[in-house]
Amino acid sequence: MNATPSRRSILKGAALGAAAIAGSFRVFDFEAAAAPAARGIFGYGVASGDPLGTAVVIWTRATPPCEGRQIATPGSGLGRPIFVRWEVARDEAFRHVVKRGGVLTSAASDHTVKVDVTGLQPYTRYYYRFHAEGETSPVGRTQTAPDDGDRLHALRFGLVSCSNYTGGYFAAYRALGQRTDLDFILHLGDYFYEYGNGADRSGPPELIGIRDHNPATETLDLTAYRLRHALHKADPDLALAHRQHPFITIFDDHEVADNAWDSGAVNHSPDTEGSFLARRKVAYQAYLEWMPFRLPEQRVVPHRGTRFFRSFSFGPLGDLSVLESRQNRTAQVDVPPYTTRGGGFIPIGTPEVDAQLNDPARHMIEPEQMTWLKNSGRTKPWHLIGNQVVLSPLMIPGPLLNLPPTMTLINSDQWDGYRAQQADLVNHIAGGANNVVVLTGDIHSSWAVEIPSKAGADYTPVGVEFVCPSVTSDGFYELARARVPAGTPAEVVVAATRQITGTLAGRNPWIKYLDGIGHGYALIDVTPDRVQADFHHTPVPTSAQPDPRVVQSVTTSHAASWQTLAGSRKVSPAGGPVGARSDEPA
Ligand SMILES: [Fe+2]
């Protein structure tokens with residue numbers, strides 16, 4: 001995508017062996033990537049994830065000590081195998097170790113270490129660490145799921161998506177890492193972006209040269225995807241969040257390439273970038289190496305390709321189903337002249353477009369996954385669904401896109417672009433006896449929505465959708481800012497943003513709350529009586545500080561609280577942010 005100097009010349013000064021250079025023509029700053037490795041064997045920190053009642057995954061990267069000038073930098077393929085011991089204890093001082101073991105890792109897995117620790121107690125806090133060759137990792141804190149037979153426990157977690165590294169400092173991750181009241185963090189995708197530092201870079205220009213992507217060009221091969229993961233694991237704010245809480249993650253499109261479907265992506269050019277499926281294969285490989293992700297048993301549930309969707313149980317309170325909606329997705333609707341292959345806005349209401357949208361053969365998730373979803377979460381009060389792109393209809397008035405007021409558009413990359421399957425899922429939710437709360441990311445803004453039976457003013461609410469803001473990725477405010485002359489006061493851009501989001505909410509009356517300014521996270525708190533979403537945001541931009549994302553010390557603070565009461569299928573404002581938990585893990 002960018003003009004890049006020849007890889008050979010870039011690497012000349014890096015003193016890397018031929019093994020490291022094979023098979024790629026990108027610009028890699030191995031020296032920068034090696035910086036955390038130089039901090040020691042465990043310079044990329046620790047993480048945990050996918051908590052079950054009796055098991056949790058623990059993760060680290062063990063960089064073998066330097067031999068000569070060779071640094072076993074992520075993606076380099078360098079470094080000898082290294083034996084890593086791990087231990088899990090009930091206390092931070094490791095006086096009461098309950099599980100321990102050892103594992104050999106090597107360049108074949110990029111020296112990542114992942115252990116599924118089993119035989120643990122439900123709803124219990126644990127501490128874990130790794131040892132190798134005289135060094136010890138930072139201590140990670142984790143806990144098992146509140147899935148303790150029919151005992152009822154509190155459930156509270158952070159909800160995040162869309163952490164573009166060049167988009168700003170990860171204030172949301174730091175804020176979550178400082179909380180001590182969470183069971184886990186649910187990350188709905190765009191954990192990173194595939195872009196480089198050239199024309200494809202997005203984020204505040206003040207951070208150019210200060211917070212850059214590594215590798216400097218778009219991620220296309222295994223080396224690049226591994227390096228991009230390593231860049232994120234080395235971020236101190238994200239590292240803190242990983243150290244403090246287990247994560248439940250699923251990728252969206254950018255962990256591979258923008259607006260991906262089953263055989264391509266808008267940001268993939270087969271002519272110059274080769275096979276999309278080969279690219280996706282190595283992107284998935286790096287994801288599984290670098291994320292504390294438990295690959296589910298592949299044979300139990302019918303699916304296509306690799307099964308990533310999976311579920312989590314929180315005892316009698318509810319279940320969480322985590323969808324995967326890219327691997328098998330039908331290509332986005334495409335009717336000339338509105339070519340949106342790979343996603344984009346398309347006007348509805350023409351026979352050609354509507355015929356494609358309503359075609360039951362087109363799907364966001366493969367029919368086998370839909371069957372699994374419909375069979376999930378039926379027996380408990382709450383069914384939470386972790387989902388990548390907005391499920392509820394979003395009718396976009398033409399004038400918002402400088403088109404005539406007679407036109408209404410949809411975003412073909414959202415569920416609106418797969419209307420037959422969207423209707424199928426909405427009907428299923430409407431027909432169920434329990435309360436469905438869909439948790440969504442992707443759109444870089446904060447929403448509380450009543451999922452409507454139909455996209456009309458006389459809709460019936462069938463369930464609820466909460467959408468979290470982006471950690472850093474550009475949202476409505478940044479879009480509005482890009483439309484006005486440079487130097488326009490931030491207060492004017494804020495007002496313009498509110499006009500856009502107000503117009504959208506007005507045209508889509510099932511959207512009860514829509515903030516397009518703050519970045520941050522949502523906190524989700526579940527009790528038998530209600531599910532509450534607290535939105536925590538970075539400050540509103542001002543002329544003195546037009547982009548708070550560039551300030552390293554920026555914090556998030558409570559912006560709004562919405563809830564859905566059991567049985568209501570509606571959202572309503574909550575009195576304020578959640579208080580203390582009703583109980584704590586052992
Ligand atoms: Fe995103």
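**Exercise 1. Determine what share of the contacts in the chain between residues at least 6 apart in sequence join residues at least 24 apart.**

Solution. Contact means heavy atoms within 4.5 Å. Among contacts between residues at least 6 apart in sequence, 71% join residues at least 24 apart.

The model is predicted: local features need pLDDT of at least 70, side-chain atom pairs count only at pLDDT 80 or more, and totals for chains, interfaces and linings use all residues. Residues are numbered from 1 along each chain as its sequence is written, and side-chain values use heavy atoms, with hydrogens and water left out.

**Exercise 2. Describe the chain as a whole: how many helices and strands does it have, and does its radius of gyration agree or disagree with that of a compact globule?**

Solution. 
- Step 1. There are 13 helices and 27 strands in the chain; helices (H or I, at least four residues) and strands (E, at least two) are DSSP runs, numbered from the N terminus.
- Step 2. The radius of gyration is taken over C-alpha atoms, and the globule rule is 2.2 Å times the number of residues to the power 0.38. For 586 residues a compact globule would have a value near 25 Å, and the chain, with 23 Å, agrees.
- Step 3. The C-alpha trace spans about 70 × 60 × 50 Å along its principal axes.
- Step 4. Of the 586 residues, 62% are buried. Buried means under 20% relative accessible area, exposed over 50%, and partly exposed in between (1.4 Å probe, protein chains only).

**Exercise 3. Identify the protein donors of the iron ion and classify the site.**

Solution. 
- Step 1. Donors are N, O and S atoms within 2.8 Å of the metal (3.2 Å for Na, K and Ca); water is not among the atoms, so sites may look incomplete.
- Step 2. Cys-162 (SG), Asp-190 (OD), Tyr-193 (OH) and His-444 (NE2) are the protein donors, at 2.1 to 2.5 Å from the iron ion.
- Step 3. Along the chain, these donors follow the spacing C-x27-D-x2-Y-x250-H. Cys-162, in the loop between β9 (155-160) and α4 (171-178), and His-444, in the loop between β20 (435-440) and β21 (446-452), are 282 residues apart and link distant parts of the chain.
- Step 4. The angles among the four donor atoms run from 81 to 170°, and the site is irregular. Four donors count as tetrahedral if all angles lie between 85 and 135 degrees; four count as square planar and six as octahedral if opposite donors are over 155 degrees apart and all others between 65 and 115; anything else is irregular.
- Step 5. Cys-162 counts as buried because its relative accessible area is 0%; His-444 is buried because its value is 14%.

**Exercise 4. State where Thr-142 lies, whether Thr-142 is buried or exposed, and which side chain a polar contact joins to that of Thr-142.**

Solution. 
- Step 1. Thr-142 belongs to strand β8 (residues 140-143).
- Step 2. Its relative accessibility is 3%, so Thr-142 counts as buried.
- Step 3. A polar contact is a pair of N or O atoms within 3.5 Å; within protein, one must be able to donate a hydrogen and the other to accept it, and residues adjacent in sequence count only if both atoms are side-chain atoms. The side chain of Thr-142 makes such a contact, of 2.8 Å, with that of Ser-48.
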